[in-house]
Amino acid sequence: PTRSMVGRVETEYSLASKIRVSSERARASLISGGVAEPKISVLQQPVDLTRFAPQTGASQDGGHLRVCYVGSLDLRKGFVYLLRAARKLASGISVELVGGTGDRCCRFLLERERAGLKVAVAPGDPRPALARADVFVLPTLEDGSPFAAAEAMACAVPVVATNVAGVGRAARDA
């Protein structure tokens, strides 16, 4: 972001009487950045449990572990680490990435890292991919509120995630 973009956001924070965030981590980040604590409320977004519900009869994929990732395909979301881990299990894993790349560099990186792997990439509704998944992986390095993990859990898909932005509070070790 440019200096003027940051300045505009900081001005908006100073003028706001209330600021809603989706996680305690986001709240702590704003407070550490100088936003007055009483202005900030943590309100988790609810998951639509009629849209995101367990599915039956997921298709089999020839014995492959079917991994699903939902989110933007940029560096902060850690998709590169998922693909590198998949490479170590290349013969036994298929990865479905639901999301879009925002910049040319990440598109190039995605193409390079997926070479030789069984990887499908598409934007859109994550529900079909979640219905096919054996596990949902969210390797994010930074996230405001990893809503996709909550949607995966609502679909009864096991979640493997980095402990950022409240995922650790929502998920528990099995």
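1. Val-67 has Val-95 as its bridge partner in strand S4. The model is predicted: local features require pLDDT of at least 70, side-chain atom pairs count only at pLDDT 80 or more, and totals for chains, interfaces and linings use all residues. Residues are numbered from 1 along each chain as its sequence is written, and side-chain values use heavy atoms, with hydrogens and water left out.

2. S3 and S4 pair in the parallel sense over six bridges. Two strands count as paired if DSSP finds at least two bridges between them; strands (E, at least two residues) and helices (H or I, at least four) are DSSP runs numbered from the N terminus.

3. The open sheet has five strands in the order S5-S4-S3-S6-S7, with parallel pairing. S5 and strand S7 (159–161) stand at the edges with a single partner strand each, so one side of each lacks a neighbour in the sheet. On average, neighbouring strands are turned by 20° against each other, direction ignored.

4. Helix H3 packs on this sheet, touching S3, S4, S5 and S6, and its direction makes about 165° with that of S4. Helix H6 also packs on the sheet, where it touches S3, S6 and S7, and its direction makes about 170° with that of S6. Contact means heavy atoms within 4.5 Å; axes are lines fitted to C-alpha atoms, for helices over the stretch in contact, and angles run from 0 to 180 degrees between N-to-C directions.

5. In H3 (residues 79–88), the buried residues are Phe-79, Val-80, Leu-82, Leu-83 and Ala-86. They lie on the same side of H3, because they cover an arc of only 160° around the axis, taken from the directions from the helix axis to the C-beta atoms. Buried means under 20% relative accessible area, exposed over 50%, and partly exposed in between (1.4 Å probe, protein chains only).

6. Of the 32 residues in the largest nonpolar core, Phe-79, Leu-83, Val-95, Leu-97, Leu-130 and Phe-136 touch the most other members. H3 gives the most to this core, with five residues. A nonpolar core is a set of buried Ala, Val, Leu, Ile, Met, Phe, Trp, Tyr and Cys residues joined through side-chain atoms within 4.5 Å.

7. Leaving aside residues up to four places away in sequence, Leu-83 touches Val-95, Leu-97, Leu-110, Glu-113, Arg-114, Leu-117 and Val-119. A second, separate core of five residues includes Val-21, Leu-30, Val-35 and Ile-40.
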